[in-house]
Amino acid sequence: MLNGKNVFGVITLVLLSVSLWTIGSTGAGYSEDKADAVATHARCLNNVKQQSEQPAPRSGVWPCWHSQLTVSEYQEPWGLVNALAPSGGYQGGLYLCALAALLLLGLRR
């Protein structure tokens, strides 16, 4: 038999599950983006190495500066934490609702 406490517990469980799924998918996306950025930078460095073996006229611009900037964003100590932080919209509301439901559930017991 479902009473108010059980229904509230189920709602809390659903909110926590969706919150964890959102955090997991964001973390997986961050890891994929980081791997792509590192691979792109490695390809660029490899191309520069191959071009340096065959001298050709070149401008003074570092050819891999864009990929180096992208990789440096992923080297920051709090990069993953910043990526997991809610950017606004539904994520922040979802986390807040899950936290409130968890606290209320704890207080009702």
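The following dialogue examines a predicted model of one protein chain.

Biologist: What is the mean pLDDT of the protein chain, and which helices have the lowest and the highest values?

Modeller: pLDDT is the predictor's confidence in each residue, from 0 to 100. The mean for the protein chain is 81, and 87% of its residues reach 70 or more. Among its elements, helix α4 (residues 90-108) has the lowest mean, 80, and helix α2 (residues 65-74) the highest, 88. Where pLDDT is low, the predicted coordinates should not be read in detail.

Biologist: What makes up the secondary structure of the protein chain?

Modeller: Helices (H or I, at least four residues) and strands (E, at least two) are DSSP runs, numbered from the N terminus. By that rule the protein chain has 4 helices and 0 strands, and its pattern along the sequence reads α-α-α-α.

Biologist: Why is the pair Cys44 and Cys64 called a disulfide?

Modeller: A disulfide is a pair of cysteine sulfur atoms within 2.5 Å. The sulfur atoms of Cys44 and Cys64 are 1.9 Å apart, so the pair meets the definition. The structure holds 1 disulfide. Cys44 lies in helix α1 and Cys64 in the loop between α1 and α2, so the bond ties together parts that are 20 residues apart in sequence.

Biologist: Why is the disulfide of Cys44 and Cys64 called left-handed?

Modeller: The torsion about its S-S bond is about -100 degrees, and the disulfide is therefore left-handed.

Biologist: How do you know whether Cys44 and Cys64 are buried or exposed?

Modeller: Buried means under 20% relative accessible area, exposed over 50%, and partly exposed in between (1.4 Å probe, protein chains only). Cys44 has 16% and is therefore buried; Cys64, with 1%, is likewise buried. Cys97, at 43%, counts as partly exposed. In the protein chain, buried residues make up 20% of the 109 residues.

Biologist: Why is His41 called buried, and what is it in contact with?

Modeller: His41 is found in helix α1 (residues 4-53). Its relative accessibility is 14%, so His41 counts as buried. Contact means heavy atoms within 4.5 Å. Leaving aside neighbours within four places in sequence, His41 is in contact with Cys64, Ser67, Gln68 and Val71.

Biologist: What makes the nonpolar surface patch, and how exposed are Trp65 and Leu69?

Modeller: Leu45, Trp62, Trp65 and Leu69 make a nonpolar surface patch of about 410 Å². Like charges are joined within 9 Å, and nonpolar side chains (Val, Leu, Ile, Met, Phe, Trp, Tyr) within 5 Å. Accessible areas come from the Shrake-Rupley method with a 1.4 Å probe; for residues, only the protein chains shown count as cover. Trp65 is placed in helix α2, and its 46% makes it partly exposed. Leu69 is also in helix α2 and, at 47%, counts as partly exposed.

Biologist: Why is Leu96 called exposed but Leu80 partly exposed?

Modeller: Leu96 has a relative accessible area of 58%, so it is exposed. Leu80, at 40%, therefore counts as partly exposed. Leu96 is in helix α4, and its C-alpha atom is 9.7 Å from that of Ser19, 77 residues away along the chain. Leu80 belongs to helix α3 (residues 79-84). Leaving aside neighbours within four places in sequence, Leu80 is in contact with Gly27 and Tyr30.

Biologist: How many of the contacts in the protein chain join residues at least 24 apart?

Modeller: Among contacts between residues at least 6 apart in sequence, 74% join residues at least 24 apart.

Conventions: Residues numbered from 1 in each chain as written. Heavy atoms only, no water. Patch = residues over 30% accessible without salt bridge, like charges linked within 9 Å, V, L, I, M, F, W, Y side chains within 5 Å. Salt bridge = Lys/Arg side-chain N within 4 Å of Asp/Glu carboxyl O.
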